[in-house]
Structure formats: structure tokens, C-alpha cells
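Here are a few exercises to work through with the viewer open. Try each task before you read its solution.

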Amino acid sequence: MSEPIVRYNDVHKSFGDVQVLKGIDLDIQPAEKVAVIGPSGSGKTTIIRMLMTLEQPTSGSIIVDGKNLWHMEKDGDLVPANEKHLRQVRGDIGMVFQHFNLFPHMTILENCMTAPIHVQKKDKESAKKDSIEMLEKVGLGDKLDDYPAMLSGGQKQRVAMARALVMHPKIMLFDEVTSALDPELVGEVLEVIRDIANEGEMAMVLVTHEMEFARDIADRILFLDNGVIAEEGPPMDVLENSTNERLQSFLHRFRT
Amino acid sequence: MSNWSWSTFSDAFPVVLEGLGITLGLTIACYLFALIFGFIWTLIRRMPIKVIRLPLLWVMEFIRSTPPLVQLFFIFYAWPMVPVVGMALDPFVSAVIGLGIHYSTYIGEVYRSGIDAVDNGQWEAARALNYGTSKKWTKIILPQALPPTIPMLGNYLIIMFKEVPLASTIGVLGILAMANDYGAQHWRYLEPLTIVAILFLVLSYPSAILINKLERKMNKRFDKKEPTGSKAV
Amino acid sequence: MITINAIADIFPVLMKGVEITVTVLLASIVLGYLMAFIAGFCRLSNNILLRKFTGFYVEVFRGTSLIVQLFWLYYAFPILFGIEVGSNFWAGVLAISLNYGAYMSEIVRSSILAVAKGQSEASTALNMSRFQRMRLVIFPQAVRMMLPEFGNYLILMLKSTSLVSLIGMTDILYYGDILRSSNLSQAPTVYFLVLLFYFILALPLIWLTKKMESASKKGVASQ
């Protein structure tokens, strides 16, 4: 096995008095596809939000590509990371949100172009070319100058994916990306994720309720329960052969 | 800060304070006038006949967008000179009418927002119950439309309190006029004007906090959602 | 009585005041908006001292009357600190812009806070810096939310410029008062015309406010 691209070491997270994560140890390999399932409130989303630096762990460390995400060295000591350090590390990570979070004051194309131009300092022409390419890939090449408000939920989510992909991250995080969609729009979004997964080079972490989908594309499934990883393994082992009772009853609710 | 004199301060304080009764009284009087007159604008807004409604709404817009100070001067200096209807009014009454009418145009909009916020179904229900016009308004619409506007109306009480010193310019002897008089007599404006500022602050700041609390309570009671979560875009 | 002759006499006199009224208005608008943004951002700063100090400024100016602030700046301030504000022009402009700047800073602050949290998270996920998040994502949306209220304050500021006549600035109302004191019987015509002058100045502002309202309806993700 190669060096993991992400490593969680005994990560804890509390919100006030509520302990959400009670010691997460997790390695993610480059190009690995990991699906995270579990009941709501189990801390699934918090796991990836900490990786995206949207939430700070209460204790423990997260290593991204050999670099400590939340801590940095200063005069030989390990001190909490500052904004500059966070920016250096999180450049490898992209995220797609449940509620899309598109920028409503920008066109679809501008949504995709703005970060390559301002963050990666690409010149405008190549950023535009990349963005158009990516939007065509998600099937929205004809909507470049539309504003987000004019799109359906499924289209918005595909734009959000193009916006993240155009940054060429090594790790992509998907936070329940189909939960806010009307049922008939879920398919088109999953289709795009499947295409991305098949290209293979990115590590992907998907927090999801789509069990069938998770089985299809994931290399590994984590069942999160009560703040710990209660079960993990290849999809078949977790979804079909596990003896974990909590997992059984969780899956049972989805099957019916 | 060497020019500050505490002895002038304590000398001027009771003089300025003498005007407080007038300032507060004028505030209440203007406010009541505006509350009542505001209804007239609301009625005009609902008038079905366009040729009457539109010109009157322009009058409202005119009053709203011109300075209350000039309107005060108009009532006090010009009204007595207007043929037939004109008559001399004392400063206090002029201020009540001038500021009252000016702010009634704002209060009217507050009423309107309250009425607009009443759910469509309530109007239909009134029709379904075959209520007459007056019964519809007094039993169904107004009891729902007015309470949510109370915090906004409260805000206007504070706003009017702060506008009332304009009346010092036509000789209403509130705290600002008292301070100006003291200043002119003793050629010391610093302390009396500072006293006026302090009085306004001391009276309006706690009231503003109170209104804020009331607003939050009202929002809860009338089930207006506190902004939570993010709208999906 | 309003006669054509009277109007023809009064009109040119009032015209002389338009320039001052407009100058005071424009200067107050520029300084007032500037103050609003400065104070609004200061109240969101991480620096407690800056936040408290700005909060104090805002509460003092919102808690007292504009006319009191104007007199205080013009008559009291120079005595207290031994320095002149500069002139009655600056006393007037400062009073108006500090007063409305305080009110509008609350609009700036609340608009920035009202931009949905997901917007800032999405820009973090795109690895924008704090400054870029504000400049590219939060601020452009917050400004759209500020527009309608900002429009209303334009008219409030126009109306408040009439106060500068009280400290001897030769604006429209000042000339109106002179005409009235020279001939009380024409007071109705004079003041009606003064009001009309202000209304005509207000018309473009009313139009602008409507524009700002419709512009603000586009492109905002609010909480």
C-alpha cells in the first residue's frame, strides 16, 4: 500500500457539551473512493467538514499529503495553524455541498472561473477554457451565461461539481449532495459523480444516503455510529455480511 | 478639555431640565396625531377611484420627501397668511400638526405593511362568513394586522422624540430651546448642549433596547421565523 | 396670494440657495456612505477595542437628535477642544454624515451578516483567502441587500440638509426665511415654493431608490 493521502489520528470533535466524534482513525489512499454512511447526527458530515477546514477538531490531528492540516511548526513547536498554513494545505481538497452554495451574483461560468483566476492565479483565458470544458463535461455547456437562480436543483449541483473539479483537487468531498434534490433529479447528479469516479485519479469521500450508489462506486464503506467508525470494509462486506446490529437496523430502514 | 466647567454644568442642568416636560409632551402629542392621521393615508391607499387616489398619493409623497423643518415653518409662519382657511397657531400646536402630518405618512406605511401581511385566506374567510365591510375590518383584519406593527410603531415613537427638538426653531421651549437660551444668555453653549445630548441618549437608548426586546417577542408570537439556516441557491 | 408676479420674484432668490443645498447633500452622501462602511466593518472586526469604540459612536449618534448634534458640533465642539470644525459647511456635513453614517453602518453590518453561511464555506472550499471571500463573494451580495435601505437614506439626507440654514448656511431654506421676514404676507408662496424646490430635488432620488430596490432583487443568497 502506498502512503495515505489523508490520515485521521484519534480525531475528536465536540460542539459545546455534545461530543460528536469520539476518536476517528482513518486512512484514505490516493484515488480511493470512500462512502460514509450512518444515521443522522452520527457525525458523518463533521468528518469531511474538518478536512475542508470548515470545522476545527477538538483534539487529534489530520494529515493531508504528509502535511499536518490543523497544526504547523513554529520555532520547533507545534502551534495551531493560521490562515496562511490552512490555505497551503487545503488547496488539494475540493468540496460539493448539500445546498450547492453557488454564488448567486455570478453566472455559471463565473462561478467556475473565479477561483482558478483569483486563487490559482491562472490567466483569464485558460481559466475560461478549463471552466467551459468542465461545464460541458457535466452537461451544462449551453448554460454558461445563466445565473444559478435560473437552474434546476440537479443543474445547480452539477455546476457546483464543475466549480470544484476545475481546481483539480486530489481529494473531493461530497456532503449529501443529493439530499436536497427532488427525487427525479437525483439520477443526473449521481451519473456525473459516477463519471468522475471512473476517471479514477482523485480520492473521493462521499457522505451519502444512497446505499445502492455507494455499493456501486465505493472501494470502501464506513458505517459511522455514535461518533465512532462502527464498521468498515468493502461494500459487500459492510452492506451484506455485517453482523453489527446497529448497522443491520440502519440498513433495514433503507430497504423498506 | 480644559474648557469644560462643572459649575456651568450644574448651573445649566435645572434650566435645561425645565424643558423636558414640553419635549416629552410634544413627543406624545405629535405621535398620537401621527398615529391617527396615518390611518387616513392607509384609507387613501385603498381607495378604489384612481383619479382621487393618485393625486392624494402624490401629496403624501410630497410631504414625505420634503423637509419637516420647512413644513414646520409653513404651518407656523405661512398658514396664518393663507386666505379664508388660514389662522394663527401657537408654536406647540403648529409643531403637533407639522411633525404629526409629516410622520403620519410614515406611520401610514407601517399600517399598510401590517395589512398586506395578513394572509389571503383570512380575507377569503371573511367573505365566506359573509361579514360586512366594517365587521370584516374590526373583527378579522385589523386585530391581525396591527399587533405585529407594534414594534415598528414603537420605533417611530423614538424617532419622533428625536425629531421634536426641531420645534425649538419656532419657539417651543423644550430642552433644546432652553439650552440655546441659556447659551445665548451666558455665552456658554458647551455644557447646556451637552446636557441636551445626554438627556436624549439617556431616554432613547433604553427605549430602543426595550423595543428590540418587544420585537423579538412579537416575532415569536406571530410565528415570524427568525432567520435560520441557509437558503439553497 | 400666489400670483405669477410673486413667483417670478421669489423663484430666482431661492435658486441662489440650490447650489449650497446640493453641495451639502452630495458631500454628506459621500461622507455618510463612507462612514457607514468604515463603521460597519469595524463593528465586525476581531479587535474588541475597535468594535466597542465603533459601537459607542453608533449608539451616541443614533441615540441623539441630528439637530442637537449639529448645534453641538457647531457651538460646543470648538469650545471643548479649542479647535474649529472648519466652517459651518463642515459642521453641517459632518453632523449629517456622522448621524446617517451611524444608522447606515447598522445596515452594512447586518447585510454582511445576512449573507448565507454556505457562501463563505463554499469560498473556503475553493481555497479563497479571508480577504478574497469578503471581496469576491460576501461583499457583492451584501451590497445588493443594502441598496433599498441606502436609497431611503438618500431622501432622509436631502431633508436633513435644510437644518444647515440654522447655522447660517445660505441654502434654499435660508433664502426662503429671508424672503419671509422681509414680507410676511407672501410667506405661503415662499414656503410652498421652498417645499417644491426640495421635492424636485427629491424626485431623482426617489427614482434612484426604486432602481436600487429592483437591482437588489437579483443575485443574493440570504439567510
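## Exercise 1: The make-up of chain B

**Task.** How many helices and how many strands does chain B have, and what are the overall dimensions of its C-alpha trace?

**Solution.** Start by counting: chain B has 10 helices and zero strands. Read from the N terminus, its elements go α-α-α-α-α-α-α-α-α-α. Keep in mind that you're looking at a predicted model.

Next, check how spread out the chain is. For 233 residues the globule rule gives 17 Å, but the radius of gyration of chain B is 22 Å, well over that value, so chain B is more spread out than a compact globule. The C-alpha trace spans about 70 × 55 × 35 Å along its principal axes.

Now look at packing. Of the 233 residues in chain B, 36% are buried. Take the contacts in chain B between residues at least 6 apart in sequence: 77% of them join residues at least 24 apart.

## Exercise 2: Annotated spans in chain B

**Task.** Where does UniProt place the feature "transmembrane region" in chain B?

**Solution.** The unreviewed UniProt entry puts this feature at residues 20-44, 56-79, 85-103, 156-177 and 189-211 of chain B.

Pick out two of these spans and look at their ends. In residues 85-103 of chain B, the end C-alpha atoms are 23 Å apart, and the span is 68% helix and 0% strand. In residues 156-177 of chain B, the end C-alpha atoms lie 23 Å apart, with 50% helix and 0% strand.

## Exercise 3: A sheet in chain A

**Task.** In what order do the six strands of the open sheet in chain A lie?

**Solution.** First, the order: it's 8-9-10-3-11-12 in chain A, and the pairing is mixed. The edges are strand 8 (93-96) and strand 12 (228-233) of chain A, each pairing on one side only. On average, neighbouring strands of this sheet are turned by 20° against each other, direction ignored.

Second, find what packs on the sheet. Helix 5 (residues 153-165) of chain A does, touching strand 8 and strand 9 (171-175) of chain A. The direction of helix 5 makes about 175° with that of strand 8 of chain A.

Third, zoom in on strand 11 (residues 220-225) of chain A. With strand 12 of chain A, strand 11 pairs in the antiparallel sense over five bridges. With strand 3 (residues 33-37) of chain A, strand 11 runs parallel, joined by four bridges.

Fourth, follow single residues across. A:Ile221 is the bridge partner of A:Ala35, and A:Ile221 also stands opposite A:Gly233 in strand 12 of chain A. A:Phe223 sits opposite A:Glu231 in strand 12.

Finally, check the turn. Strands 11 and 12 of chain A form a hairpin with two residues between them, and A:Asn226 in that turn has a positive phi of about 60°.

## Exercise 4: Where chain C meets chain B

**Task.** Which element of chain C gives the most residues to the side that touches chain B?

**Solution.** Begin with the totals: 39 residues of chain C are in contact with 38 residues of chain B. Then list the elements of chain C that give two or more residues to this side: helix 2 (48-63), helix 3, helix 5, helix 6 (130-160), helix 7 (172-182) and helix 8 (187-216). Helix 8 of chain C gives the most, with nine residues.

Last, check the confidence. Chain C averages a pLDDT of 91, with 96% of the residues scoring at least 70. In chain C, confidence is lowest in helix 3 (residues 66-81), at a mean of 88, and highest in helix 5 (residues 117-125), at 95. The model as a whole scores ipTM 0.91 and pTM 0.86.

Definitions and conventions
Residues are numbered from 1 along each chain as its sequence is written. Chains are lettered from A and ligands numbered from 1 in the order in which they are written. This is a predicted model: local features need pLDDT of at least 70, side-chain atom pairs count only at pLDDT 80 or more; totals for chains, interfaces and linings use all residues. UniProt positions are given in the numbering used here, feature names are shortened, and annotations may be inferred rather than shown by experiment. pLDDT is the predictor's confidence in each residue, from 0 to 100. Two strands pair if DSSP finds at least two bridges between them. Axes are lines fitted to C-alpha atoms, for helices over the stretch in contact, and angles run from 0 to 180 degrees between N-to-C directions. Two residues are in contact if their C-beta atoms, placed from the backbone, lie within 7 Å. The radius of gyration is taken over C-alpha atoms; the globule rule is 2.2 Å times the number of residues to the power 0.38. A residue is buried if 20 or more other C-beta atoms lie within 10 Å of its own, exposed if 12 or fewer, and partly exposed in between; C-beta atoms are placed from the backbone.
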